[in-house]
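Here is a short walk through a protein model. Keep the structure in view as you read.

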Amino acid sequence: MKKLLPLLPRPTRYLGSEWGTVHKDLASVKVHIALGFPDLYEIGMSYLGQKILYEIVNNNPDFYAERAYVPCQETAGIMREHNELLATLESDTPLKDLDGLGISLTHELCYTNVLYMLDLAGIPLKSADRTEDHPLIIAGGGACFNAEPMADFFDVMMIGDGEESILRVLETIADCKEKGLGRADKLTALSKLAGIYIPSFFDPDNPGDFFVEKAIVDDLNPIDFPENQVLPYGKAVHDRLTLEIARGCTRGCRFCQAGIIYRPVRERTPETLTKTLMKGLDKTGYEETSYLSLSTGDYSALDTLFAKSFDHCAAEQISISLPSLRVGSLSAPIMERIATIRRTGATLAPEAGSQRMRDVINKGITEQQLLDHSKMLFDNGWQSIKLYFMIGLPTETFEDLDAILDLCVKVRDIAGPHVKVMQISAAISPFVPKPHTPFQWERQSSLDEINEKLDYLREKFSKYKRIKLKFHIPRMSFLEGIFSRGDRKLGPVVQKAYERGAIFTSWKDHMSLPEFLEAMKEEGLSPEDYLAARDIDQRLPWDHISSGVSKKFLITEKERGFKGKITGDCRYEECRNCGVCEFDGRKSLLTEQALEKDIRPKMVFTESDQSGDVPPFVQEEKPDLGIKGSQFRIWYTKTGTTAYLSQLDLAPVFERAMRRAKLPLTFSQGFHPMPLISFGRALPVAVESQAEWMNVMYRTELTSEEVVKRLNEQMPIGILMTRADTLTLSRKQPQPQIEDFAITFNGEDEAVAARMAELRNFLESEEYVIKHKTKKGFKDKDIRPTVQSYEEVAPNKVIIHFDWTNLYLSPTKMLAVICPKSTLLDYSLMKLDQRFE
């Protein structure tokens, strides 16, 4: 697939040479797999689960895990045109030649993209059609707790925590390979492992006592968290060092699937996290970190953790992000700290406007708590707050919709006159009943009902200033609801929708319902049946998959919800005997693992360290990051796959390398300080170079040799620092105007000769006028004067010395005019040198 890089849009998605990637000798490993993500590179590279498994697998010398993502449609078209199959990023191995392909199922709208990935890889879509020559297709992720609509397409599903399961799976595959066993025997062996579900072994029409328990890691602290994270090329959606500080949540929101399937709560200690943070920042050079959990503010040692890490991060211009914050879960000192380094927008999730509705869903927050939290945000300098709400919740009335606007107005008005620029956003999402939740039996509102409520809210909101209404696309929630509680009858629907062109369904510009509705009609299925209420006594498609939480507990919570009763957080209040853990002598329903694991909440403190008196925030004096100690022009090569990195892509690569190298960058002054790094003329993408440069300012005096040595230790494959010239401390520095390029034509002799003739025609002419596109339209430009001299050094190779003093035009654009029938597959360009004269 890499041979097509010159033709691909956004080729950085397919390079596989990023910092942190692992490259192994394929002949030396026992099991070779890919960790696939059914979306674009920018999305998949943000997924923490893949990062965790990538490091765990590759730390074992017997196993090798690479990465794979689905390409955009334009790239897929190019691949099909050239008969190229989807391959791994690191070694360019076709996915069909692996031992296994793991695919993350993070949500229901990615289902057709799974088939898109398999199709591009040349792997039969259905498990039943695969032979001994095909890899095992393995699913993992939260959607596996009811992935029956995808059962026909997967050989194996990993249910629950993957850190230990992935190694057991690979050990079993290795053992089966060594014994010469086939697919059927491999599946039988895998089925004996905790948390492993083989869909072909389950007959939904005759379920019997078939039962699969989720796998659980009972203590996160001994599990090594990934410190050598792969640094994405380009801009990933979440491009930062993400630390999972805790797993699980027992707040008990009755609509929340994650709050059930990831129980019990398991926290990492502040000592473990601080050590991981410091090592992770050292090894990645990230300029931002994020503390992640289902409810970060509920981490019992958040104040302790923040106190340990904040000053170090602030001193190095590293911002800290706290997603998933619950109303009232941040102490004033922490909020004051965050305000000194990052004040973008704040997001709060009341989920419902009225207190009655919040009690039904067990949100556990009051209106006053929300207003107090909002006031604290405004008082600390925040100017915008986004409020998340759901509509279509059980028992909802139009009075509850009115309460959404009322709450937004109160939040706006509590800001006070000192907040001059302010915006309140209400983000509305339709409620989707999820499996393994107390509301799994409830009906989902129809599209007409949701659209009626959205129209009602639009009309209400339109009269108010500084309050903006946003909403999730109802058609997406409609489709999500069908597959969320779906069964195996939906498998053919997924396949037919894919064959009709339905891919990237979670992208609003790709979302299209007709393909799915037509497929359902052909299969004799009705969307309304899947969105309807379920009887409590009926068997549900996911009943054979156990999260460890009992159905009795879910029914009790459903009944308490309809009575408006609040259930407290069992971390700090009464245990409600959900069934998952062994707290206070109870027996866990995860019976297979309870004998060897300690399944109970693992908290740092029995009470949150933000409760009671919290020491005030006293900020240490920040070092002056604007000091100018030395400046260098650093020269480097850019060869191999790094030729496809644009100058925009290179900026974070170099900044992070310098952080890893402990080279003290000088930063600009102002609200958003930036490192003082500037580049020479941008090299066209896909062109290699032996002579690129950048100017870098450091806070201390350094030697040229020291800069080159330390940076070369931190460079990705293809970039090599060659020298560092000392400059004055002036920001303005001269730029070379003479550049030497080698052009080498590839292909059959006749084609090469024709292209060489076209190039000679240009070089031997006195003028060569082309249409040059400018901001004001096309203009005639004579490009021949840009050539200072040239030498033909081989039958297929010419070295040209360009002088860009009066005109610059990209050499690749020149060649596109001079040799109009050639592409970047037909020639290669290498910059050899650049100089002043």
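The largest nonpolar core has 197 residues. A nonpolar core is a set of buried Ala, Val, Leu, Ile, Met, Phe, Trp, Tyr and Cys residues joined through side-chain atoms within 4.5 Å. Buried means under 20% relative accessible area, exposed over 50%, and partly exposed in between (1.4 Å probe, protein chains only). Tyr 698 and Leu 711 have the most contacts inside this core. Helix H4 gives the most to the core, with eight residues. Helices (H or I, at least four residues) and strands (E, at least two) are DSSP runs, numbered from the N terminus.

The model is predicted: local features need pLDDT of at least 70, side-chain atom pairs count only at pLDDT 80 or more, and totals for chains, interfaces and linings use all residues. Residues are numbered from 1 along each chain as its sequence is written, and side-chain values use heavy atoms, with hydrogens and water left out.

Look at Leu 711 again. Leaving aside neighbours within four places in sequence, Leu 711 is in contact (heavy atoms within 4.5 Å) with Ile 634, Ala 657, Met 658, Ala 661, Leu 663, Tyr 698 and Met 721. In soluble globular proteins, nonpolar side chains tend to be buried together.

Now take helix H3, residues 73-81. Thr 75, Ala 76, Ile 78 and Met 79 are buried there. They cover an arc of only 160 degrees around the axis, which puts them on the same side of H3. That arc is of the directions from the helix axis to the C-beta atoms. On the other side of H3, Glu 74 and Glu 81 are exposed. What covers the buried residues of H3? The cover includes helix H4, residues 111-121. After H3 comes Asn 83, with a positive phi near 55 degrees.

Aromatic rings come next. The whole structure holds 22 aromatic pairs. Rings of Phe, Tyr and Trp (its six-membered ring) pair if their centres lie within 6.5 Å; planes under 30 degrees apart count as stacked, over 60 as edge-to-face and the rest as tilted. The rings of Tyr 636 and Phe 654 have centres 5.0 Å apart and planes at 65 degrees, so the pair is edge-to-face. Tyr 636 lies in strand S18 (residues 630-638) and Phe 654 in helix H21 (residues 647-660), so the pair ties together parts that are 18 residues apart in sequence. Both Tyr 636 and Phe 654 are buried.

The rings of Phe 745 and Tyr 827 are also edge-to-face, because their centres are 6.3 Å apart and their planes at 70 degrees. Phe 745 lies in strand S22 (residues 738-745) and Tyr 827 in strand S27 (residues 827-835), so this pair ties together parts 82 residues apart in sequence. Phe 745 and Tyr 827 are buried. Ring pairs also link Phe 741, Phe 802, Trp 804 and Tyr 808 into a cluster.

One more residue is worth a stop. Ala 497 is found in helix H16, residues 491-499. At 0% relative accessibility, Ala 497 counts as buried. Its contacts, leaving aside neighbours within four places in sequence, are Thr 112, Ala 502, Glu 515, Phe 516 and Ala 519.

Finally, step back. The protein has 24 helices and 27 strands. Of its 837 residues, 58% count as buried. Among contacts between residues at least 6 apart in sequence, 77% join residues at least 24 apart.
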